[in-house]
Amino acid sequence: MSDRASSSSTSASSSRSAQLERLRALHMRRNEARQLNHQEVVEEDRKSKLPANWESKQKWAEYKLQEEEKHEEAKKRGEDYTRIRLLNISAEEAERLEKKKKRKNPDMGFSGYEAATVRQYQRLVKQMKPDLESYEAKKEQMGEDFFPTRDTIIHGLHKDTKDGIDRMVDDLEKQIEKRNKYSRRRRFNDDEDIDYINERNMKFNKKLDRFYGKYTAEIKQNLERGTAV
């Protein structure tokens, strides 16, 4: 009887220890799942605060940096990188890229000052060379304030560098110089109808007449004669 009692107590204690071990393992798995869920929630919240198309823009910036590095390496070897790159592209691929480039930013002529400003902005943005090292350093320095929300006080968080200010001034001076080359004084015609309030409005009206004058000539004549319906 004593042997049976001792064996049953031994089996009960071993069963209890096995259950405790399983319970401990379940607790560890639950804690691990909590940590993983918390990390995923934090990552999802971080991505939700990022600008639109951030990942594609990041890939494009990395691609541009790689292109710059390859261009510098080819320049050191005394080679033309544009020629080398084109040699590795088929005619069909080159034609497709050219069509895509024209379709992405087509030149539709002058339609208004707003559209001209947008085209200029897009052209200037394409000329910018991203600096991912300073970008990552700034992001690490500012932390969560790097992607501000409506409750974030932005004032004082960012300070422009001297190099950045110099680049902006140089670019503005180039724009002014380019604009002055195409700005010339037109001759004033005393017999011409006055349908403007200042010189800027006069230029705009002339551009409108150049594009739409043939469609509105009859309406304009009817208004002048007073026979418009």
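Start with helix H6, residues 132-142. Helices here are DSSP runs of H or I, at least four residues long, numbered from the N terminus. Select Leu132, Lys139 and Met142: these residues of H6 are buried (under 20% relative accessible area, with a 1.4 Å probe and protein chains only). They sit on the same side of H6, because they cover an arc of only 100° around the axis. That arc is taken from the directions from the helix axis to the C-beta atoms.

This is a predicted model: local features need pLDDT of at least 70, side-chain atom pairs count only at pLDDT 80 or more, and totals for chains, interfaces and linings use all residues. Residues are numbered from 1 along each chain as its sequence is written, and side-chain values use heavy atoms, without hydrogens and water.

Now look at the other face of H6. Turned away from the buried side are Glu133, Glu140 and Gln141, which are exposed (over 50%).

Step past the end of H6 to glycine 143. Its phi is positive, near 70°.

What do the buried residues of H6 pack against? Select helix H2, residues 54-76: that is their partner.

Stay in H2 and pick glutamate 67. Its relative accessibility is 16%, so glutamate 67 counts as buried. Show its contacts (heavy atoms within 4.5 Å). Leaving out residues up to four places away in sequence, glutamate 67 touches Tyr81 and Arg85.

Finally, zoom out. The protein has eight helices and zero strands. Of its 229 residues, 8% are buried. Among contacts between residues at least 6 apart in sequence, 47% join residues at least 24 apart.

Definitions and conventions. Helix = DSSP H or I, 4+ residues; strand = E, 2+ residues; numbered from the N terminus.
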